[in-house]
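Visitor: Hi, I'm new to this one. Could you put it up and walk me through a few charged pairs?
Guide: Happy to, here we go.

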Amino acid sequence: MSGNSLVLPIVLWGRNAPTHCISSLLVMDDLSTIITGCHDGQICIWDMTSELEINPRALLFGHTASVTCLSKASASSDKQYLVSTSENGEMCLWDVSDGRCIEFTKLACAHTGIQFYQFTIGTQREGRLLCHGHYPEILVVDATSLEVLYSLVSKISPDWISSMSIIHSHRTQEDTVVAVSVTGILKVWIITAEVSRMQQDLDPVFEEESKPIYCQGCQSISFCTFTQLSLLVVCSRYWRVFDSGDFSLLCSVPSESGQSWAGGEFIAADKVIIWTEDGCSYIYKLPPSCLPASEHFRSSVGKTTEGSIPPLVYSIADSTDKQLLICPPVTRFFYGRREPFHKLLIQGDSAGRLTLWSIPETSPLPPVSSPAELQVSASISLQEAFDKLTPSPAGIIDQLSVLPSSNDPIKVTASVYIPSQGRLVCGREDGSIILVPATQTAIVQLLQGEHMLRRGWPPHRTLRGHRHKVTCLLYPHQVSPRYDQRSLVSGGVDFSVIIWDIFTGEMKHIFCVHGGEITQLIVPPENCSTRVQHCVCSVASDHSVGLLSLRERKCIMLASRHLFPIQVIKWRPCDDYLVVGCSDGSVYVWQMDTGALDRCVMGITAVEILNACDEAVPAALDSLNHPAVNLKQAMTRRSLAALKNMAQHKLQTLATNLLAADNADKGNLPKYSHNSLVVQSMKTNITDPDMHVLFFDVEAVIIQLLTEEAQRPNPTLVSPETLQKTPGGADKGGSFLANKIFKQVKETIKENIKEHLLDDDEDEEEEQRRREEKSKSLSLLEYNLTMDTAKLFMSCLHAWGLNGELDEVCLNRLGMLRPHTPISFGLISRGGHMSLMLPTFKDSLLRRLAQGCADGHKLSVSEVVGKGTYGVSRAVTTQHLLSVISLANTLMGMTNATFIGEHMKKAPSRPPRPGTPETQRKSSVQTSSPAMQSQIKQALWAQKGPQHLFHMLTALSALGQTSALRVRHSDTRLSDEFSR
């Protein structure tokens with residue numbers, strides 16, 4: 001996919017919710033959104049109503065390691081921003097409304113805590129992020145650009161910071177940062193207005209006070225906003241209350257045997273809530289010596305006895321009622337600063353479950369012999385939310401995977417998409433492999449039509465050879481054209497690697513060389529030796545690596561001396577080395593031609609070897625100028641493969657230079673190679689089944705539609721020579737994007753014609769034989785991939801339910817299909833970060849839409865699809881409107897402007913060869929009524945673009961997205977450019 005193209009994702013989640021082992025938790029200030037981060041790196045956005053109903057909305061992808069902390073990054077209620085960090089130093093700024101990544105960076109240090117801090121300079125408000133973690137200072141980061149501005153540094157006993165709190169003073173303009181180090185030393189920094197104005201690369205700010213309070217293992221520190229005179233410090237063995245003025249100890253409570261405190265917060269001036277690592281929570285009433293309003297305040301300073309336990313008011317979530325969890329739950333307390341003013345205790349566990357308690361304002365009436373048990377206000381997990389949906393969320397091949405004896409489909413455990421054939425290959429947990437047309441199976445899952453009445457649709461092929469779950473699939477020809485396009489490679493938990501003929505479905509060979517399940521299949525780089533170039537590299541769970549030759553049908557090398565799991569495979573082709581990196585940091589270097597272990601290193605040497613492999617490509621090109629050095633290395637290592645490789649590299653370099661000079665003389669654009677549809681399998685955890693994301697490249701769809709239109713054997717249509725004479729081709733006032741698209745179409749057509757004319761008779765006969773054999777062996781559905789992609793795309797994007805007349809036109813005359821389930825769209829933002837709507841998003845939208853319905857009638861599925869999809873966010877709405885308008889205008893200029901007819905069954909044929917009989921030429925031309933096609937184009941597609949835009953903007957204004965109306969003029973200008 002092109003980085004600058006308009007790419008829209010649609011996700012098929014399946015019935016199994018993704019694993020979400022919660023590691024961090026945050027509630028936004030308005031108490032309408034809950035954010036959770038997980039150990040696998042994803043972030044989930046949950047919607048919460050004023051009645052405390054929770055519903056998951058979207059999943060954010062971008063982090064590659066466990067999310068360690070979350071924090072708000074703005075104080076405004078209009079634009080809510082979120083900042084997240086992971087344990088490998090990644091830091092991302094997100095827009096909460098649509099999940100768009102605004103900014104991201106990566107630091108060398110890992111944060112364990114972030115707090116948002118806002119200050120005022122004149123009339124302007126700016127935000128800062130105060131970060132602490134595995135480093136001996138507090139970093140002050142700009143909340144917009146994520147740049148480190150300055151740092152708060154310790155002069156005395158610098159150490160890692162365990163916890164931190166910001167004390168806002170209403171009497172002075174100075175705010176105080178109070179932090180506790182891992183050794184139990186309390187640090188105080190004062191942030192004045194002059195310090196807040198500091199910019200990047202200035203001197204650090206040193207602490208004002210440093211005092212040991214003997215609180216080792218500090219879990220949290222919080223400031224009492226009710227009295228502004230108390231400080232709560234929670235350690236694993238005890239929690240203590242200090243005077244925030246001179247940090248005198250006012251109260252100390254130890255933990256019970258077998259319990260470890262994990263955090264705490266003030267919930268009132270005289271109450272604190274403390275929670276443990278196993279998920280229990282307790283509300284204590286503070287003694288009078290800790291209350292500034294009491295006459296006994298500070299009466300116990302200097303004489304506090306350890307072990308005096310204040311009265312226990314409530315106990316929450318007894319550990320005996322909790323299920324066995326993989327990791328400790330995460331508990332946080334939040335209270336609303338705006339209506340509704342709820343006081344909430346929220347807990348997230350490793351099962352992806354959120355549990356919520358509403359803390360009452362009043363205490364139970366005395367006398368109380370035992371603490372009252374607080375009941376759960378709300379509880380939901382991702383899987384429970386999925387199970388409530390009707391119909392169930394669709395998987396990519398659910399219609400082909402449901403067994404008669406079970407309602408649940410067989411899980412898909414591995415997938416690979418072949419764009420050149422438009423086919424999706426899915427490996428399942430029962431060991432079978434399914435080959436199916438990708439667009440057809442997506443249409444079955446998402447859209448209504450005649451296909452819903454057919455069993456086993458679409459036509460597919462099943463490959464059976466593995467005895468248990470298929471773990472990985474590889475189509476080598478897609479990575480490099482040096483492999484046979486018939487070969488498909490699969491690996492399973494039965495320790496075997498199988499080569500398949502993808503056209504006939506025949507099992508060609510089985511490799512049984514590993515002693516564990518196959519975890520990875522890799523294609524070696526281009527500049528390896530000739531023998532290795534026809535191999536695939538297989539990695540197994542028994543810490544072994546093999547080179548399996550697809551041509552010789554045997555294992556040419558098996559490296560099986562690794563003591564720890566394999567994490568990375570790298571190559572050193574110029575030296576004929578295979579480099580294996582293990583989880584313990586060790587690196588093994590193997591000779592590929594002999595299978596001998598060259599060396600095993602650890603430490604900094606191992607890191608340098610791995611880094612040298614990343615730089616091997618330019619180094620290899622430079623070393624070709626010194627054949628004597630290569631010859632000496634080859635003779636020293638006694639490597640015959642290295643000798644052959646050196647000569648082969650020389651020949652390849654000469655051929656590359658000749659081809660580059662030839663292309664420079666021609667000055668032609670390369671053939672457009674982007675795929676209009678890419679199906680990518682994803683999983684949040686290795687134990688999850690695959691979910692599938694369909695990426696639609698709008699620019700590629702338009703180019704392929706125009707290319708196929710120009711290739712149709714009709715002399716009255718567009719040809720490469722007349723392409724520039726069309727109004728949109730060489731118009732000086734046309735847009736740059738339109739000119740770029742037409743140039744790509746022109747060069748693609750020329751390339752196709754050139755390849756066709758240069759074929760000799762033998763190649764033609766061979767190609768004809770292969771086509772006949774391929775068509776006979778596949779016996780699958782013949783369909784037009786480009787038109788099917790456009791049909792699926794337009795059917796999903798159309799706003800069904802907004803205009804009944806337009807819906808009937810789209811169904812009956814244009815051939816579009818109505819969705820039978822709300823479609824989960826996505827949004828791709830900076831750096832490849834992605835937001836995917838969960839299938840439960842419709843519940844939140846139903847509540848929003850129901851509030852806008854005056855008569856209170858129940859909305860149908862089509863109305864949820866139409867109004868709901870375009871009510872998600874402004875960014876998604878703008879992308880969808882641009883896509884619909886541009887595709888509609890493209891289809892207006894095509895001969896077959898609808899998705900009904902014979903042209904949907906097969907792609908257009910290539911231009912006829914010179915000397916082809918006229919009868920054959922006439923038979924290849926499809927018969928159609930020009931008047932009918934003209935009527936369809938002018939009366940139908942012409943009205944779809946403007947009407948679609950008008951109704952969408954009307955619906956958006958009704959939903960409250962008034963700012964979306966401001967994109968109307970820019971959208972109209974872009975649609976005019978596409979129409980030109």
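Predicted model: local features only at pLDDT ≥ 70, side-chain atom pairs only at ≥ 80, totals over all residues.

Visitor: Is K508 buried, exposed or partly exposed?
Guide: K508 is partly exposed, because its relative accessible area is 34%. Here buried means under 20% relative accessible area, exposed means over 50%, and partly exposed lies in between, using a 1.4 Å probe and protein chains only. Residues are numbered from 1 along each chain as its sequence is written, and side-chain values use heavy atoms, with hydrogens and water left out.

Visitor: Thanks! Which residue does K508 form a salt bridge with?
Guide: With E506; the closest N and O atoms are 3.3 Å apart. A salt bridge means a side-chain nitrogen of Lys or Arg within 4 Å of a carboxyl oxygen of Asp or Glu. E506 counts as partly exposed because its relative accessible area is 41%.

Visitor: How many salt bridges are there in the whole structure?
Guide: A search finds 20. Among them is a network that links D95, D98 and R100.

Visitor: What about R128, what does its side chain meet?
Guide: The side chain of E126, in a salt bridge at 3.1 Å from N to O. R128 is at 2% relative accessibility, so R128 counts as buried. E126, at 22%, counts as partly exposed.

Visitor: Switching topic: where do K187 and E207 sit?
Guide: K187 is in strand β16 (residues 185–191), while E207 is in the loop between β17 (205–206) and β18 (209–212). They are 20 residues apart, and the pair links distant parts of the chain. Their side chains meet in a salt bridge, 3.9 Å from N to O. Strands here are DSSP runs of E with at least two residues, numbered from the N terminus.

Visitor: And are those two buried or exposed?
Guide: K187 is buried, because its relative accessible area is 1%. E207 counts as buried too, at 12% relative accessibility.

Visitor: Which strands are in the sheet with β16?
Guide: It is an open sheet of four strands in the order β14-β15-β16-β18, with antiparallel pairing. β14 (161–167) and β18 are the edge strands, each pairing on one side only. Two strands pair if DSSP finds at least two bridges between them.

Visitor: How many bridges join β16 to β18?
Guide: Four, and these strands run antiparallel. K187 has S210 as its bridge partner in β18.
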